[in-house]
Amino acid sequence: MDDFIAARSQMALSLGFHIIFACIGMIMPFFMAISHYLYLKKRNDHYRKLTVAWSKGVAIFFVTGAVSGTMLSFELGLLWPEFMLHAGPIFGMPFSLEGTAFFLEAIAIGFFLYGWGKFHPWFHWYTGVMVGVTGLASGILVVAANGWMNAPTGFDYVDGEFLNIDPMAAMFNDAWFTQALHMTLAAFVATGFAVAGIHAFLLMRGKNKPLHRSALKIALSLGAVAAILQPISGDISAKDVAQRQPAKLAAMEAHYHTESNAPLIIGGIPDEKNKIVNYAIKIPGGLSFLAHGDFNAEVIGLDQFPEDEQPPVLITHLAFQIMVGCGMILMLTGILWLFGQWRKKPFVEAKWFLTLLAFLTPLGFIAVEAGWVVTEVGRQPWIIYGIMKTREGLTPMPGIVYSFWLYTFIYLSLCGIVSLLLIRQIQDLDKKETPLPTYPR
Amino acid sequence: MLYVVIAFLYIALLFYLLFGGADFGAGIIELFTSDAKKEKSRLLTYRAIGPIWEANHMWLIISIVILFVGFPAIYSSLSIYLHIPLSLMLLGIIARGTAFIFRHYDPVKGKLQKVYNLIYVYSSFVTPFFLGNIAGTVISGRINPAAKSFPEAYLFPWLGYFPIAVGLFTICICGFLAAVYLIGEADDYVDRILFRNKAIWLNILTVLTGGLIFLSAYVEEMELLNELLSNNVSLTALVLASISLPILWYAIRNFHYKMARVLAGFQVSMILFALFYRLFPAFVIMNGAVLTLEETAAPLSTLNALGIALLAGSIFILPALYYLIYSFQKKRFDQDTDIVNMVGGEERRK
Ligand code: HDD
Ligand code: HEM
Ligand code: HEM
């Protein structure tokens, strides 16, 4: 492994780790707030228990998210100092606003986690909601920075220099809206199905039924709605990518040759040497329709780009298939659930359905990781699309390979401990009745 | 707007040293707590810094964002030449932050607790040390952009007497700040005496390691001492810090903990102020080159946007932060400690 690959892998690892915690940090507070609200309205004890149980999970995930985010803000410089030297002043606007959002989030979580019984119940509830709102805001803002790397605007690039910088224009880049919409929905899908899966599993074990039933309902209802909207937003994203990064679209679809009435390739293994896709299902005209809304439109293939400006096809294509595959399964399950709820069908508590949900626990997060691989690997070899190559951004310091192994070790240990803690918290929930924090009447 | 941004940078760095520092200090003094007392002092620390733990560390993020948006050349050259100490500092931040929360949210109080505690305590030394070490390197002129070999470029700059002395000094400052802060948080007399004694010891150590800084600067033939003393404003700041020492001792001895907190904060601020004032507008002094804040500043359009974002952000942040600190100071947890314990899953211990 050379330093360049090591740096890219380290960046991918760190971001891939952070995004899990970021999603949970953005969405769990909303689930918590709903359950908290129901408790305050109905004074039904299991809601209180659920809120507390969830808030412990949030505390664990929050610090892990915060430290991994802190690492990221250093890693951008440690690994890509040349990139940051130029990019910092241009795409810095969302980061500066994000600073405020993080700060407010940190304050709100202090109030929420330590505020049981110390504040007016509705003020306490409100701080919980604010944790979610500020978390969501920071997620949306940081995606603007990533959008800028995909669709760089807000400067003039003259002889290798970045002139006439306009940070606002850079923030409102072409990719921001579609990416932020898709990402926000993804966070709801991934967190919703993961939480629902865990509670479905616990519901099957038979203890604390009312609690798990409510938890399942809250998490899955939000997750299902988002899962239904997700393919629509994904379609908007794909059309957008077709416009702004045709090479990425071509890599996603393993579309080697420019043609009109281009087929949609489902599954299959791209053969990068011979530029063909084996074992795939092809739907004639499908890609032309999805990318441009017309079965006969011409879709640019990878042959339009010089060899050294083509993204890796195998990884991008597989990741895209995985994301869409997961998305379809989750959407169908979501429809099934909403239908069951609406018609009050008993199957929503049948063993087969709960088993299904339990198996779907990691699926949303797999889709999130795959989606980011599509976006980031599909942008290669560019770090700033069309302007700066990833290799030019690399630090001159040798030995990044060691740093990569060190970070891998750290992230693996953190994963291990967080999983262990989560399992212990869940076991704790099913054990004896523990006294809970409460409000003075 | 440039000066607004610079002011925010200095303030964020100072606040990180004060609040983040006191936070790390709590881990440092845990090492010097007898086993019998450890459990109690852990609970106390958790109660005292838990609610503001996150906010304390935000100052670092804000400083980093200001650096890479406003002064990209400084951010990127520090990232290159100080890659190793920065990574080590990060390791400390990760290990400590997670261990602090994990040990409270692990409902099983078993063997792992020992591991968490070990990590918590030792990583509390790592971050302040490297924070100081990095600061020392940055002003020492030891970074050598013309270096040809790996050790010359990436190891020697931060492995010197001076940067190491600054690192040790920072550890002592953090421990001292924490001890002073915790005097006022302790809920019984025995604990107060405990923290008071620690505060006194750590203050003596701080003064000693401060001397070490000047000694190492002398050995390495840096002009630091002369330069600081030859500047009237910096000199005044240092003199004020020294004069306030006896008052601080008096305050600590007699448990005027509010006064002690203010004075301790004042001294640290004065030392940092003397340094910033003397250096300004220089920020990084390298071998043969100086990076100043004015010359490395981003274009005006960026600085304007950054400055406005920071000002607007403060309007939201400061009142909320104030209310957070105020309400948790006021609603001291004495009456309902058990509630906190329960949220922390603490009840298993009994
Ligand atoms: C739960 C997660 C999830 C699910 C079910 C889907 N996606 Fe997705 N997708 C993401 C999670 C995600 C993501 C992780 O959030 C990405 C990465 C970057 C981004 O903005 O969103 C993404 C990126 C992404 C991109 C690249 C955008 C860009 O580079 O700007 C496209 C074209 C799609 N998606 C399309 C789809 C389609 C057609 C789906 C149909 C089912 C789909 N996604 C389901
Ligand atoms: C959290 C979700 C994200 C994930 C999972 C993710 C994933 C990845 C992956 C897989 C790579 C490696 C690509 C390759 O080298 O082939 C990468 C690179 C990179 N990403 Fe992201 N990314 C995310 C968000 C962001 C955001 C928001 C930013 C913007 C600030 C960003 C900045 C970078 C940079 C600077 C690189 C290295 C240069 C490059 O390889 O192009 N990423 N990321
Ligand atoms: C699309 C990608 C990203 C999303 C959606 C995202 C979202 C979030 C969220 C929601 C949090 C709050 C933590 C929690 O509640 O658990 C967070 C924390 C953080 N993120 Fe990210 N982030 C992304 C990428 C990045 C990148 C690229 C950086 C670095 C430049 C970064 C820096 C941080 C920092 C410093 C924190 C800690 C803030 C704190 O202490 O509260 N994030 N992120």
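A salt bridge is a side-chain nitrogen of Lys or Arg within 4 Å of a carboxyl oxygen of Asp or Glu. I start my notes with that term and look between the two chains.

**Entry 1: ground rules**

I am reading a predicted model, in which local features need pLDDT of at least 70 and side-chain atom pairs count only at pLDDT 80 or more, while totals for chains, interfaces and linings use all residues. Residues are numbered from 1 along each chain as its sequence is written, chains are lettered from A and ligands numbered from 1 in the order in which they are written, and side-chain values use heavy atoms, with hydrogens and water left out.

**Entry 2: chain A against chain B**

I looked for salt bridges between chain A and chain B and found zero. I then counted polar contacts (a pair of N or O atoms within 3.5 Å; within protein, one must be able to donate a hydrogen and the other to accept it, and residues adjacent in sequence count only if both atoms are side-chain atoms). Four residue pairs, both at pLDDT 80 or more, are in polar contact between chain A and chain B.

On chain A, helices α2, α3 and α14 (400–430) each supply at least two residues to the side that touches chain B. I took helices (H or I, at least four residues) and strands (E, at least two) as DSSP runs, numbered from the N terminus. The largest share of that side, 22 residues, comes from α3(A). By type, the side of chain A that touches chain B has 46 nonpolar, 14 polar and six charged residues. Here Ala, Val, Leu, Ile, Met, Phe, Trp, Tyr, Cys and Pro count as nonpolar, Asp, Glu, Lys and Arg as charged, and the others, Gly among them, as polar.

I also noted the contacts, meaning heavy atoms within 4.5 Å. In chain A, 66 residues are in contact with 68 residues of chain B. The two chains bury about 6200 Å² between them, 78% of it on carbon and sulfur atoms. Buried area is the accessible area (1.4 Å probe) that two parts lose on being put together, summed over both.

**Entry 3: one serine in α3(A)**

I picked A:Ser96, which is found in helix α3 of chain A. A:Ser96 touches B:Val65, B:Leu306 and B:Ala309, not counting residues up to four places away in sequence. Its side chain reaches the backbone oxygen of A:Gly92 at 2.9 Å. A:Ser96 is buried, with a relative accessible area of 5%. Buried means under 20% relative accessible area, exposed over 50%, partly exposed in between (1.4 Å probe, protein chains only).

**Entry 4: ligand 3**

Where does ligand 3 lie? I found ligand 3 between chains A and B. I listed the residues near it, each with a heavy atom within 4 Å. There are 28 residues around ligand 3, and A:His18, A:Met26, A:Gly69, A:Phe102 and A:Glu105 come nearest.

I checked the atom pairs. A nitrogen atom of ligand 3 is 3.0 Å from a side-chain N or O atom of A:His18. An oxygen atom of ligand 3 is 3.0 Å from a side-chain N or O atom of A:Glu105. At A:Phe21, a backbone N or O atom lies 3.5 Å from an oxygen atom of ligand 3.

The elements giving two or more residues to this shell are α1 (3–42), α2 (45–79), α3 (81–114) and α4 (121–150) of chain A together with α3 (53–70) of chain B. The largest share, nine residues, comes from α2(A). The shell around ligand 3 divides into 17 nonpolar, nine polar and two charged residues.

**Entry 5: ligand 2**

Which residues come nearest to ligand 2? Of the 22 around it, I noted A:Arg8, A:Leu15, A:Glu376, A:Arg379 and A:Gln380. A nitrogen atom of ligand 2 is 2.6 Å from a side-chain N or O atom of A:Glu376. An oxygen atom of ligand 2 is 2.8 Å from a side-chain N or O atom of A:Arg379. The most comes from α1(A), with six residues.

A:Glu376 also forms a salt bridge with A:Arg379, the closest N and O atoms being 3.0 Å apart. A:Glu376 is buried at 18%, and A:Arg379 is buried at 4%.

**Entry 6: salt bridges in chain B**

I count six salt bridges over all chains. One of them joins B:Asp23 and B:Arg96, with the closest N and O atoms 2.2 Å apart. B:Asp23 sits in helix α1 (residues 2–31) and B:Arg96 in helix α5 (residues 83–105) of chain B, 73 residues apart.
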